[in-house]
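This report concerns the fold of a single predicted model and is intended to be read beside its coordinates. Please keep the sequence and the three-dimensional view at hand.

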Amino acid sequence: MKALVIEDTVTSATLICHLLDKMGLVPVRASDGLSGIEMFKQERPDLVLLDIIMPGMDGFEVARRIRQLEKDGEWTPIIFLSARASDEDLAEGINVGGDDYLVKPVSEVVLKAKVRAMQRIAQMRYSLLVLTRKLDEANRELTRLSSVDGLTGIPNRRCFDETLAREWRRSLRNRQSLSLLVADVDHFKEFNDTYGHQAGDDCLKAVAKSLAACLHRATDLVARYGGEEFAVVLPDTDEVGARAVAELMRDAVAQLAMAHSASSSADHVTLSLGVACCVPGDEPGASPASLLSEADKALYEAKRGGRNRVVV
Ligand code: GH3
Ligand code: MG
Ligand code: MG
Ligand code: MG
Ligand code: MG
């Protein structure tokens with residue numbers, strides 16, 4: 001622990017430094033206000049012992065400036081050590097940012113006790129800072145987890161709903177088209193029945209990964225909407241573009257070539273997709289929900305039409 005002693009009287013400074021040294025602190029000294037502030041900037045001490053009556057800048061002003069130098073969350077204990085013994089001086093010392101006020105001459109026992117008290121407060125404050133940092137970190141992790149699907153690691157439905165609402169508003173402002181895909185694994189119940197639930201989970205992970213790999217724009221988003229259903233938001237994308245992405249995704253899942261002997265649409269796992277596109281604001285009454293329901297209807301048509309296909 002480094003202690004900065006700002007004191008113009010040499011004998012007094014020497015004595016205080018000697019006592020601090022005996023307490024196991026490392027004293028550094030300055031003999032006037034301005035050099036004290038410079039020393040504070042250089043040394044970043046853990047404690048400041050501050051005289052008041054000094055040539056040039058007085059101790060009150062030094063304390064004010066030290067408090068201004070500290071960044072958010074920083075705090076260096078300041079103990080005034082002065083010959084001035086009035087209540088008003090003590091009050092002013094606390095007022096300008098001091099933490100304690102001792103009247104000279106101060107006994108070794110009192111100085112030691114006061115320094116220990118400051119060390120204890122500083123230690124508690126540090127523990128609190130560490131705790132706060134951990135809490136912040138835990139909070140950030142919780143926020144992240146609240147928008148991620150636990151099985152596949154891609155965004156979850158909550159994240160999808162938020163993104164769709166946000167992109168809807170943005171598209172409305174910019175008069176841009178917005179596309180939506182809903183994708184559903186074909187005959188997935190039979191997949192589970194044939195290969196087991198664990199294989200089903202692995203299949204969903206692989207599908208999620210390959211769908212995510214189909215997107216290249218930072219604003220595109222694929223989420224697990226629930227069960228074996230996925231949903232995709234494609235901002236600033238028209239029907240032609242959306243169909244292309246949907247076909248890419250359908251093909252990507254087929255290319256995984258995951259065996260599915262009980263499927264009626266192929267011998268491997270396949271995906272059906274429904275596509276909906278609109279320019280928000282063009283049609284009265286249109287909403288994120290109506291766009292989603294339109295994509296759902298298209299998906300239903302894809303299922304009815306034999307699965308493993310895209311319907312716009
Ligand atoms: P369709 O081609 O018409 O979509 O038929 P399907 O069998 O895929 O659809 P259905 O709705 O009948 O069954 C969906 C199945 O998906 C049933 C359910 O057990 C399974 N499933 C949903 N979520 C999970 C999951 O997290 N893990 C596993 N392994 N299976 C899941
Ligand atoms: Mg003095
Ligand atoms: Mg389904
Ligand atoms: Mg399905
Ligand atoms: Mg079924």
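Residues are numbered from 1 along each chain as its sequence is written, and chains are lettered from A and ligands numbered from 1 in the order in which they are written.

**The parallel sheet**

An open sheet is formed by five strands in the order β2-β1-β3-β4-β5, with parallel pairing. Helices (H or I, at least four residues) and strands (E, at least two) are DSSP runs, numbered from the N terminus; two strands pair if DSSP finds at least two bridges between them. At the edges stand β2 (26–30) and β5 (100–103); each has a single partner strand, so one side of each is left without a neighbour in the sheet. On average, neighbouring strands of this sheet are turned by 20° against each other, direction ignored. Three bridges join β3 to β4 (residues 78–82) in the parallel sense, and Leu-49 stands opposite Ile-79 in β4.

Two helices pack on this sheet. Helix α1 (residues 10–22) touches β1 (2–6), β2, β3 and β4, and its direction makes about 160° with that of β2. Helix α2 (residues 33–43) touches β1, β2 and β3, with its direction at about 170° to that of β1. Axes are lines fitted to C-alpha atoms, for helices over the stretch in contact, and angles run from 0 to 180 degrees between N-to-C directions.

**The annotated aspartate**

UniProt, in an unreviewed entry, places the feature "modified residue: 4-aspartylphosphate" at Asp-51; such annotations may be inferred rather than shown by experiment. Asp-51 is found in the loop between β3 (47–50) and α3 (59–69). Asp-51 counts as buried because it has 27 C-beta neighbours inside 10 Å. A residue is buried if 20 or more other C-beta atoms lie within 10 Å of its own, exposed if 12 or fewer, and partly exposed in between, with C-beta atoms placed from the backbone. Apart from its neighbours within four places in sequence, Asp-51 is in contact (C-beta atoms, placed from the backbone, within 7 Å) with Ile-6, Glu-7, Asp-8, Gly-59, Leu-81 and Ser-82.

Gly-33, Gly-36, Ile-37 and Phe-40 are buried in α2. They cover an arc of only 100° around the axis, which puts them on the same side of α2; the arc is that of the directions from the helix axis to the C-beta atoms. Glu-38 and Gln-42, on the other side of α2, are exposed. The cover over the buried residues of α2 includes β1, β2, β3 and α3.

A nonpolar core is a set of buried Ala, Val, Leu, Ile, Met, Phe, Trp, Tyr and Cys residues joined through C-beta atoms within 7 Å. The largest one has 44 residues, and those with the most contacts inside it are Leu-181, Phe-230, Val-232, Leu-273, Val-275 and Ala-295. Among the elements that each supply at least two residues of this core are β6 (178–185), β8 (229–235), β9 (271–278) and α10 (288–304). A second, separate core of 28 residues includes Val-5, Leu-20, Val-62 and Val-96.

Eight of the eight residues of β9 are buried, so β9 is largely enclosed by the rest of the structure. From β9, Leu-271, Leu-273, Val-275 and Cys-277 point one way, while Ser-272, Gly-274, Ala-276 and Cys-278 point the other way. β6 and β9 pair in the antiparallel sense over eight bridges, with Ser-179 opposite Cys-277. β9 also runs parallel to β10, to which two bridges join it; the bridge partner of Gly-274 in β10 is Val-311.

**Backbone features**

| Residue | Phi | Location |
|---|---|---|
| Arg-44 | near 45° | follows α2 |

Asp-236 counts as partly exposed, with 16 C-beta neighbours inside 10 Å, whereas Asn-308 is buried, with 22 other C-beta atoms within 10 Å. The peptide bond from Lys-104 to Pro-105 is cis, with omega near -5°, and Pro-105 lies in the loop between β5 and α5 (108–145).

Methods. Predicted model: local features only at pLDDT ≥ 70, side-chain atom pairs only at ≥ 80, totals over all residues.
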